[in-house]
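Trainee: Could you please take me through a protein model, feature by feature, with the general idea before each case?

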Amino acid sequence: MFTIKRILFLFTITSCFSVFSQDSIAVKSEVNDAIKELKDFVSIPNDALSADDIDDNIFWLKKKFGERGFNSTVLETENLPLFFAALPMEDSKPTMLIYMHLDGQSVDPSKWNQPNPYETVLKKPVEDGYETISFDVLEEGINYDWRLFGRSTSDDKGPIVMFLNAIDLLKKDNKEIPFNIKVILDGEEEKSSKPLPKAVKQYRELLEADFLVINDGPVHPSGDPTVVYGCRGITSLTLTSYGPITPQHSGHYGNYAPNPGFQLAQLLASMKDKEGRVIIPGYYNGITLDDTVQEVLKSVPDSDTEISKKLQFKSAEKVGGFYQEALQYPSLNIRGLGSGWVGKKARTIVPESATAELDLRLVPESDGARLKKLVKDHITKQGFHVLDHIPSKEERMTHDKIITVTEGSVTDAFRTNLDNSYGNFLVETLKASFQKEVVRIRIMGGTVPIAPFINELKIPAFIVPMVNADNNQHSPNENLKIGQLAYGIRAFYNIISTPTN
């Protein structure tokens with residue numbers, strides 16, 4: 001726990017840390033350096049589906065981390081490699097393990113408002129969007145509202161560059177780092193990091209640490225400093241129902257051949273009530289939210305009204321009483337639904353099949369395998385014969401309602417206790433650094449593949465996001481606010497240079 005003396009010390013270094021005063025000469029130099037390095041990094045394509053892309057990015061990382069005094073190595077896995085780097089170790093220091101990822105989502109250049117998503121573009125906000133400006137204007141001054149557009153500017157190359165430039169500043173200021181620093185960069189995060197559990201077990205000794213900091217995802221939409229104590233896990237199910245063996249003329253066989261779309265729709269409708277709650281028995285078992293937890297959930301500065309306006313729906317589902325409370329429960333989501341043809345390609349047919357893609361977001365109280373079993377048991381109770389393969393003619397002639405269920409892998413949820421001492425350290429450091437209350441999020445809705453570190457290394461983990469909430473990650477026109485680039489350098493600088501006791 002922090003002493004008054006230490007908190008005053010943090011405020012002192014914050015107030016004199018002129019490098020992040022927007023009007024200072026130093027910010028022009030330091031942020032400009034970071035922008036140039038980020039442009040260089042983004043110019044290397046990093047499609048998670050391309051092994052060559054990942055190799056090219058690792059080559060760049062070896063050079064850049066090496067320039068900062070890190071020892072680095074490539075950790076081979078059953079698929080694409082991981083990148084590991086560490087500063088020289090001292091037994092007397094606690095060890096901080098930092099996780100980020102170097103891969104990015106695939107791009108469709110035709111959807112971007114720039115010629116090449118891997119060539120960073122500088123834009124300023126205007127009334128109807130953003131206007132491209134020359135990087136030459138940065139020599140005259142920097143506006144923190146300007147944005148850098150390009151794939152992975154925010155997810156996750158931006159945070160990597162923030163970290164590297166924070167290390168530069170620490171060296172320039174002759175700051176002692178009171179931690180052993182280890183960095184693990186994932187090359188398959190956008191592909192669910194399937195090799196990670198086995199790799200963490202294999203390289204357990206190398207990765208040992210006292211706590212884990214994940215620098216992925218956006219800060220709270222308020223823009224305030226944010227610490228996230230957990231994230232939901234995920235698994236998936238694909239459900240396919242069957243009608244006639246081939247599509248049939250709806251005039252000849254409508255009212256006669258069973259329609260798989262209606263069968264599937266009725267099945268899906270049986271899983272939730274009219275207000276969005278899963279009614280499969282046992283789905284929410286084990287979840288309790290006491291007064292202390294409710295206080296933390298309600299302290300997050302969300303506005304349910306603003307969320308509804310932004311997403312343009314009148315009433316939210318009633319799984320929780322408000323947004324943060326809803327995230328404490330596992331979800332059951334239809335992420336895709338298809339049968340026959342639609343739009344201009346629509347045909348007057350009875351389809352041969354209908355398919356629903358489901359994802360199930362998990363919380364620590366819910367086991368993915370158990371929830372999938374509950375869903376499959378529910379399907380059986382609705383009169384379906386459940387298969388794990390396409391039905392044979394004999395099976396089709398034996399059962400009235402058949403459904404094929406294909407299961408996805410499970411990525412576990414994690415959640416660190418809200419009173420953890422390392423969590424308190426991160427919160428107090430960010431609060432002192434930015435002189436703002438820190439948004440504490442008990443569990444976020446998305447999934448980061450961190451559970452293997454927690455399960456194997458037995459350490460607490462925290463997400464300390466660095467980028468703007470409206471960054472369009474995974475989508476066309478991904479971007480990073482220049483102000484967030486400065487924010488991230490400052491956050492890393494103070495977190496890495498502040499002792500925990």
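What follows is a conversation about a sheet, a helix and some aromatic rings.

Mentor: This is a predicted model, in which local features need pLDDT of at least 70 and side-chain atom pairs count only at pLDDT 80 or more, while totals for chains, interfaces and linings use all residues. Residues are numbered from 1 along each chain as its sequence is written, and side-chain values use heavy atoms, with hydrogens and water left out.

Trainee: In what order do the strands of the open sheet lie?

Mentor: In general, strands of a sheet pair through backbone hydrogen bonds, either parallel or antiparallel. Strands are DSSP runs of E with at least two residues, helices are runs of H or I with at least four, and both are numbered from the N terminus; two strands pair if DSSP finds at least two bridges between them. Here the open sheet has five strands in the order 13-15-11-17-16, with mixed pairing. Its edge strands, each pairing on one side only, are strand 13 (333-338) and strand 16 (385-387).

Trainee: How many bridges join strand 13 to strand 15?

Mentor: Five bridges join them, and strand 13 and strand 15 (residues 353-362) run antiparallel. Within this pairing, Gly336 stands opposite Glu357, and Ile334 stands opposite Leu358. Strand 11 and strand 15 also run antiparallel, joined by 10 bridges, and there Thr238 is the residue opposite Glu357.

Trainee: Why is strand 15 described as largely enclosed?

Mentor: A residue is buried under 20% relative accessible area, exposed over 50% and partly exposed in between, using a 1.4 Å probe and protein chains only. Seven of the 10 residues of strand 15 are buried, so the strand is largely enclosed by the rest of the structure.

Trainee: Which helix lies across strand 11?

Mentor: Angles run from 0 to 180 degrees between N-to-C directions, with axes fitted to C-alpha atoms, for helices over the stretch in contact, where contact means heavy atoms within 4.5 Å. Helix 12 (residues 368-381) runs at about 20 degrees to strand 11 (233-242), and also lies across strand 15, strand 16 and strand 17 (402-407).

Trainee: How many aromatic pairs does the structure hold?

Mentor: Rings of Phe, Tyr and Trp (its six-membered ring) pair if their centres lie within 6.5 Å; planes under 30 degrees apart count as stacked, over 60 as edge-to-face and the rest as tilted. The structure holds 16 such pairs. The rings of Phe41 and Trp60 are stacked, because their centres are 3.9 Å apart and their planes at 5 degrees. Both Phe41 and Trp60 are buried.
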